[in-house]
Amino acid sequence: MVLPTFKEWMEKTFGASLDHKTTSRATLNVNDVPPSIVKEEFLQDLRATKISYSQDAEDRVFRAHGHCLHEIFILREGMFKRVPDIVVWPVCHEDVVKIVELACKHNLCIIPFGGGTSVSSALECPEEEKRTIVSLDTSQMNRILWIDEKNLTACVEAGIVGQDLENQLAESGFCTGHEPDSMEFSSLGGWVATRASGMKKTIYGNIEDMVIHIKMVTPRGIVEKNCQVPRMSTGPDIHHFIMGSEGTLGVVTEVTIKIRPVPEYQKYGSVVFPNFEQGVACLREVAKQRCAPASIRLVDNAQFQFGHALKPQVASIFTSFLDGLKKFYITKFKGFDPNILCVATLLFEGDREKVLQHEKQVYDIATKFGGLAAGEDNGQRGYMLTFVIAYLRDLGLDYYVIGESFETSVPWDRVLDLCRNVKERIVRECKEKGVQFAPLSTCRVTQTYDAGACVYFYFAFNYRGISDPIHVYEQIERAAREEILANGGSLSHHHGVGKLRKRWMKESISDVGLGMLRSVKEYVDPNNIFGNKNLL
């Protein structure tokens with residue numbers, strides 16, 4: 001695939017050059033990896049269970065990190081100060097019970113590992129942990145245990161990866177509809193542990209809307225409800241102690257989730273708006289009328305330019321002519337400024353006739369806010385762009401460009417102020433911290449609710465001339481998070497807290513609220529077996 005304008009965009013946006021390239025380590029030097037320290041008594045007990053394990057350096061380093069920028073940077077140029085001492089691979093719920101019992105017996109630290117896609121430092125090993133750290137990898141717990149076609153539910157082992165879950169369900173004509181950006185790699189257990197959200201949550205809901213039953217192994221024993229019903233009034237919902245617990249209480253082993261028949265019809269779409277303000281107003285009206293499609297996402301102008309730079313070279317002169325004609329119509333005939341306009345991408349799913357009616361309703365609303373239909377191809381390309389961005393970050397590192405994303409949720413009346421103020425804060429902080437080139441500071445509205453929306457930010461900058469770019473990045477990201485909170489945004493919409501954002505937990509949920517979480521932790525795990533130090 002040829003991207004004819006991507007090089008020019010990189011040079012114009014970041015001052016980056018193909019002539020200035022960084023080097024990263026090609027292979028892992030096992031001598032740099034901290035040694036595995038495991039007592040023989042534990043190994044003997046573990047062998048007796050016949051559960052697979054490894055003390056290999058590569059296996060341990062692979063599970064010592066998630067996908068935060070600083071973690072990837074360390075992989076390229078250094079080594080983690082603390083990594084798991086041993087990796088275990090349970091294949092079923094009973095195996096997890098045995099591992100947790102052994103950890104309690106030998107006073108070990110367990111860090112659950114699913115797909116490894118954490119962007120909150122949740123998988124990093126605490127440097128001060130002196131006990132043996134066990135990485136409990138759930139990847140072999142990847143079966144659909146049963147499908148109930150009458151109740152439209154499925155019981156699934158927690159280690160299954162999102163893409164595999166959808167593919168296996170599709171063989172029986174079903175889906176969950178849960179599509180986070182990370183669905184190629186993230187696991188069902190990880191979704192539960194972080195209170196995940198997907199791109200099609202409008203129809204299918206967030207993970208808390210999809211879960212019917214959870215089975216979790218803790219140092220105190222197994223937590224689960226006695227029945228699999230749609231709702232219970234039996235005090236605070238124990239599922240809400242589990243969802244979002246980020247590996248601090250135990251290991252999720254099995255989840256019963258809602259499923260739906262695979263939709264018969266799917267159609268992408270896109271709308272161009274004269275500016276971001278009118279785009280947000282349109283999304284607000286769509287949410288107010290409760291007619292949002294499976295996915296509706298609005299990108300600002302900077303992100304539109306980024307997406308345009310990733311457009312592949314067209315195969316025919318006729319297609320190129322049509323693209324030029326569309327651009328002329330939007331910018332010259334309709335008077336849209338290409339440096340201000342923004343784009344919403346749409347995805348409709350369901351019965352064909354209802355989809356077409358739904359599509360007309362949404363486009364009619366968009367027209368009231370100055371929107372112009374921009375075609376299915378642009379909608380599909382915009383939807384798929386989300387899956388590409390993570391790979392581009394790693395490419396950027398080769399050319400002195402570091403970048404990251406973060407998200408929040410915010411009431412509708414504060415969306416515009418928050419987006420503007422956070423982007424301006426990023427630019428200001430970069431300048432104050434000595435970044436020589438103007439940064440990319442961009443956002444998109446990704447999920448809509450009755451009372452607000454999820455906003456996703458991307459920022460990146462050329463770090464040539466900066467001696468400690470990760471420290472500078474972390475200072476800027478921290479300032480951006482402070483700005484989000486000051487503008488009425490949440491600490492996180494779906495990425496979770498981990499160790500990266502826990503400094504703001506008291507501010508986010510109150511001192512008493514934090515004390516409640518600590519009390520649960522102290523009861524369920526009094527010896528801190530699940531000692532990843534997330535959240536608290």
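Which residue of S18 stands opposite valine 445? In this predicted model, the residue facing valine 445 is valine 455 in S18. The two strands concerned, S17 and S18, are paired in the antiparallel sense over eight bridges. They form a hairpin, with three residues between them. Strand S17 is mostly covered, since nine of its nine residues fall under 20% relative accessible area and count as buried.

Valine 445 also has a counterpart in another strand. Strand S13 (residues 295-299) and strand S17 (residues 440-448) pair in the antiparallel sense over two bridges, and leucine 298 is the residue that stands opposite valine 445 in S17. These strands belong to an open sheet of seven strands, whose order is S15-S12-S14-S13-S17-S18-S16 and whose pairing is antiparallel. At the edges are strand S15 (372-373) and strand S16 (401-411), each of which pairs on one side only.

Helix H15 (residues 376-397) lies across S12, S13, S14, S16, S17 and strand S18 (452-462). Its direction relative to S12 is about 80°. Helix H15 is also a partner of helix H4 (residues 69-77): the buried residues of H4 pack against H15, S16 and helix H17 (469-486). The buried set in H4 consists of Leu69, His70, Glu71, Ile72, Phe73 and Arg76. In an α-helix there are 3.6 residues a turn, so residues three or four places apart point the same way.

Rolling a probe the size of a water molecule over the atoms shows where empty space is left. One cavity of 30 Å³ or more is present in the structure, and the volume of the largest cavity is about 30 Å³. The elements giving two or more residues to its lining are strand S12 (265-273), helix H11 (276-288), strand S14 (342-350) and helix H14 (352-368). Strands S12 and S14 are also members of the seven-stranded sheet. The lining of the largest cavity is made up of Val271, Phe273, Cys282, Leu283, Ile296, Ala344, Leu346, Val362 and Ala366. By class, the lining residues divide into nine nonpolar, no polar and no charged.

A further open sheet has five strands in the order S5-S6-S10-S8-S9, with antiparallel pairing. Strand S5 (144-148) and strand S9 (221-223) stand at the edges with a single partner strand each, so one side of each is left without a neighbour in the sheet. From one strand to the next, the twist averages 10°. The pairing of S5 with strand S6 (residues 153-157) is antiparallel and extends over four bridges. Within this pair, alanine 154 in S6 is the bridge partner of isoleucine 147. Helix H6 (residues 162-170) packs on the sheet, where it touches S5, S6 and strand S10 (251-258). The direction of H6 makes about 45° with that of S5.

Helix H6 contains asparagine 167. With a relative accessible area of 46%, asparagine 167 is partly exposed, because that class lies between the buried limit of 20% and the exposed limit of 50%. Asparagine 167 and arginine 131 are 36 residues apart along the chain, and their C-alpha atoms are separated by 40 Å.

Lysine 7, found in helix H1 (residues 6-14), is likewise partly exposed, at 44% relative accessibility. In sequence, lysine 7 and alanine 309 are 302 residues apart, whereas in space they are 8.3 Å apart, C-alpha to C-alpha.

Parallel pairing is found between strand S3 (residues 109-113) and strand S4 (residues 133-137), over five bridges. Proline 112 stands opposite leucine 136 in S4. Strand S3 is largely enclosed by the rest of the structure, because five of its five residues are buried. Cys109, Ile111 and Phe113 point one way from S3, while Ile110 and Pro112 point the other way, and all are buried.

Definitions and conventions
Residues are numbered from 1 along each chain as its sequence is written. This is a predicted model: local features need pLDDT of at least 70, side-chain atom pairs count only at pLDDT 80 or more; totals for chains, interfaces and linings use all residues. Side-chain values use heavy atoms; hydrogens and water are left out. On a 1 Å grid over the protein atoms alone, a cavity is a set of points where a 1.4 Å probe fits but cannot get out, and a pocket is an open set with protein on both sides within 12 Å along at least five of seven lines; lining residues have an atom within 4 Å of a point. Grid points are joined across faces, edges and corners, and a volume is the space filled by probe spheres set on the points. Ala, Val, Leu, Ile, Met, Phe, Trp, Tyr, Cys and Pro count as nonpolar, Asp, Glu, Lys and Arg as charged, and the others, Gly among them, as polar. Two strands pair if DSSP finds at least two bridges between them. Contact means heavy atoms within 4.5 Å. Axes are lines fitted to C-alpha atoms, for helices over the stretch in contact, and angles run from 0 to 180 degrees between N-to-C directions. Buried means under 20% relative accessible area, exposed over 50%, partly exposed in between (1.4 Å probe, protein chains only).
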